[in-house]
Amino acid sequence: MTRQMPNHSASCAHCALQGVCFASSLYESDLSQLEPVVAHLPSFMKGDTVFTQGENFHHLYAVRAGMVKVYARNDRCQEVIQGFYLPGDIIGLEAVAGGEHVFNAVALDTTTVCALPYAQLDDLQKRVPGLMNQMIRLMSQEILSGRVHAGMLTQKTAEQRVAQFFLSMSSKYKARGYEHLQFRLNILHRDLANYLNLTPETVSRILGKFHRQGWMSWKKREVHIADMNQLCAFVEAQAG
């Protein structure tokens, strides 16, 4: 789905997410240079596509509200989920190298994004020197996140993977100033299972166990972490 760019710009200076987004670490004078370039797209409804695999790359996107699932399709046309992105997260970075998107991005809830035209980035970096460091930092974070996820799949048990996922989401909510022990997570069990390389039945069984132990619950998309210390200790324990 191609969206027309609107005429109005996003206000980076007044955005509560600037500490984790394009604008992180930029001075106020730099923000005034960035704001006319960064724009809002119209809201995406649940199930709407932000970009598709194979689509030409034109923009980097910052999630402003809602949640986005990023995934590829393998040679059997099955989804392989790469991640779930919250407000403040950047999506589309993987397309910089080849000039086209290698993943699909779909809204999991009513979602708004800010768009940074990549074609204007060279000129913008001349006027906003700190932007280059910020882009490198964002790319580094994306690489690190991918390696951490790959390591989790090979080194952690199924139960540890589930626990680590919810701890990671809690940490992200906390970094954004949101409630991090009780929050809404609009993700299907089968999508979480896909991301963790588990079956939906295994995820449900593990969540039931965590609930009985009094560690956490996830019911009707509402997450409640009751014992953060136990979850952390469980994840850090040696697998096997």
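Glu159, Gln160, Ala163, Gln164, Leu167 and Ser170 in helix H4 meet Met228, Leu231, Cys232, Phe234 and Val235 in helix H7, where contact means heavy atoms within 4.5 Å. By class, this contact of H4 with H7 has seven nonpolar, three polar and one charged residues; Ala, Val, Leu, Ile, Met, Phe, Trp, Tyr, Cys and Pro count as nonpolar, Asp, Glu, Lys and Arg as charged, and the others, Gly among them, as polar. The model is predicted, with pLDDT of at least 70 needed for local features and 80 or more for side-chain atom pairs, while totals for chains, interfaces and linings use all residues. Residues are numbered from 1 along each chain as its sequence is written, and side-chain values use heavy atoms, leaving out hydrogens and water.

H4 covers residues 158-175 and H7 residues 228-236; they pack at an angle of about 130°, with their axes 9 Å apart. That makes H4 oblique to H7, since angles under 35 degrees count as roughly parallel, over 145 as roughly antiparallel, 65 to 115 as roughly perpendicular and the rest as oblique. Axes are lines fitted to C-alpha atoms, for helices over the stretch in contact, and angles run from 0 to 180 degrees between N-to-C directions. Helices (H or I, at least four residues) and strands (E, at least two) are DSSP runs, numbered from the N terminus.

Turning to the strands, four of them form an open antiparallel sheet in the order E2-E7-E4-E5. Strands pair if DSSP finds at least two bridges between them. The edge strands are E2 (49-51) and E5, each pairing on one side only. From one strand to the next, the twist averages 30°. Helix H5 (residues 189-196) packs on this sheet and touches E4 and E5, its direction making about 100° with that of E5.

Within the sheet, E4 (residues 68-73) and E5 (residues 79-85) run antiparallel and are joined by six bridges. Lysine 69 has phenylalanine 84 in E5 as its bridge partner. The two strands form a hairpin with five residues between them, and cysteine 77 in the turn has a positive phi of about 65°. Four bridges join E4 to the antiparallel strand E7 (residues 104-107), where alanine 107 is the bridge partner of valine 68.

A further open sheet has four strands in the order E1-E8-E3-E6, with antiparallel pairing. Its edge strands are E1 (39-40) and E6 (90-91), each pairing on one side only. Six bridges join E3 (residues 59-65) to E8 (residues 112-117), and alanine 62 stands opposite cysteine 114 in E8.
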